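Welcome, and thanks for opening the viewer.

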Amino acid sequence: MRAILKVFIALLCFWSAGAAAFDNKIALYGKAKYEDGFSAFSYVNPDAVKGGRLVMPEYGGFDNFNPFIFKGSASGTVADLIWDSLGYTPIDDISVVYPLVAKKFELKENYVDFILDERAKFADGSPILADDVIFSFNVLLEKGAPIYKVYYADVEKVEKKSERYVRFYFKENAQNKELPLILTQFKIFPKKDWDNRDFAKPSLQIPLGGGPYKIKNFEAGKYIILERDKNYWATDLPTRKGFNNFDEIRIDYYQDTTVTLQALFAGNIDVREEYIAKIWKVGYDNDLVKSGKIIKQAFEHQNPAVLQHFAINLRRDKFKDKYVRRALDLAFNFDWANEKLFYGAYKRLHSYFTNTDFEAKGLPQGKEKQILEKYKDRLDESVFTTPFTLPDNSSAEKIRQNLREAVALFEKAGYRIIDGKMRNAKTLEPFELEILSNSANGTTFTRVMLPFIENLKKIGVKATFRNLEVNIFKNRMDNFDYDMAIMSYRISAMPGNELKDLYGSEAANVNGSYNIMGIENEVVDDLIREVIKADSKDDYVAYLKALDRVLLNEYYLIFQWYSPYNRVGYANKFGIPQTDTKVGWQPLTWWIKELEK
């Protein structure tokens, strides 16, 4: 009897220890802003009233409700609203994940466990179970866009421990610090909803979701109407309190951002973000704004700057020489564009991680220098001796000087100006390039491109500029069919696994990957691996700075510009949370003022 009692007590202790090991958050570096039992995030109004309608624009079109696959065009905004994930990371605590579908987490050296909330359910009332989580993960790997195989490459397998208990095993020696957090981010689909259809094929069949909204109605390529699920199970969770306050959200599709300004003034949409400095300066000078019916407001944010740039296709032989890429950079006159076109509203990007603590500045120092010295035999000496600087084109003389330097760099790369054209000295083939943009950019880039093209002409380079319809542009990019292209990416506040898809060699020739430029650099690959497995915040920052410096030194792209503000015009009918946190534009935390009691 005593022996049995000892076994029982041992088991009780084992399970008690196991239960105690579970936590209600995952903190990458051990610190969390929000204590256990918090009621809502600090940048929302937890008492915001529910009701009313929000109409907002998107650009291009859609032929699909599944943005997680390579084919078709779909709205990421819609996906965020109709499906949930295991956890949620707030804007003001970016290295911590808090509960959503999963209510508890346990992190061990070689696996992470998720205990699902027994209240979690899909829009039809059926429960969200371990089988749905496992299906969602596996279908993303097997039939989703190529990025998912890269993103989750360090997962060995996923296992069902019980009906609401899932375990993800990590590969041996994965050393992927971020992996547990990013496993909380994929959307969870109901397995039964995909039993008789192919996840990999674009479809306009309305999917069964489990998020705060359901698709109510749509017309392909024109609009989508979402209705708030009044039975949404997570409405009062701390991670959802104060969000998703509109009974209906309508998304209207436009081909040109400039058209939506008139749509705002006409009352056809309620809100739009302004991307064009000139319009922000002079386009809102009317009675609607002066009377306060339309509000013009710049929302300050502390987000990493959007990486807006001219991407250079390294797969093309003419761009393989770094001297050529650097020469093209010297011909772009940001100073002129900012003064003449942008009213001085922008700053030029100067890093792959502009507006973060990860920027490589000056010469490498301390831990960053120690890291780079390990690769000294594979790096240009200038990485250690010459800080990265942007061309100064602030005067006519400086422009002429930069163009002379550009010609000299072309000559180092084996080109000569012959008959007024920059030609390959051996084949005499002229250096020509096509620069692509998409129609959603309107006429903005046409005006920016003219002086750039003219400067290139002065050094014998013929450049043409083409504005393509959004879906055609996407297809060209997915298949890397371009010379140079105007691209932009939102950079994570905590860069990690996605770096493999942005800059890693394995993604360089995978159609549809985000490594549009085709970067294949072993040092870059090594540094990305070190970023991902960094154990301490200091190591993490140092490896990101080293990565930034190596990328900068190769001139893979030509930086454009950014603003530390989201510039937004909106109808004066919304309540907006008052917060000292620089969260930028967050429309899903807004509400209709007239509904307030």
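Two strands pair if DSSP finds at least two bridges between them. Keep that in mind as you go, and remember that this is a predicted model.

**Stop one: a sheet.** Select residues 565-571, which make up strand S23. Strand S13 is joined to S23 by 7 bridges, and the two run antiparallel. For one of these contacts, pick Glu 300: its bridge partner in S23 is Tyr 565.

**Stop two: aromatic rings.** The structure holds 58 aromatic pairs. Select Phe 68 and Trp 83, a tilted pair with 5.9 Å centre to centre and 55 degrees between the planes. Phe 68 lies in the loop between strand S2 (53-59) and helix H2 (76-82), while Trp 83 lies in the loop between H2 and strand S3 (87-88), so the pair ties together parts that are 15 residues apart in sequence. Are these two residues buried or exposed? Both Phe 68 and Trp 83 are buried.

Next, select Tyr 34, Phe 38, Phe 41, Tyr 43, Tyr 88, Tyr 98 and Phe 243 together: they form one aromatic cluster.

**Stop three: charges over rings.** Go to Lys 318, whose charged end sits over the ring of Phe 431, 5.9 Å from its centre. Finish at Lys 376, which lies over the face of Phe 384, at 5.3 Å from the ring centre.

Conventions:
Residues numbered from 1 in each chain as written. Predicted model: local features only at pLDDT ≥ 70, side-chain atom pairs only at ≥ 80, totals over all residues. Heavy atoms only, no water. Phe/Tyr/Trp six-rings, centres within 6.5 Å; stacked < 30°, edge-to-face > 60°. Helix = DSSP H or I, 4+ residues; strand = E, 2+ residues; numbered from the N terminus. Buried < 20%, exposed > 50% of the residue type's maximum accessible area, 1.4 Å probe, protein only. Lys NZ or Arg CZ within 6 Å of the ring centre and 35° of its normal.
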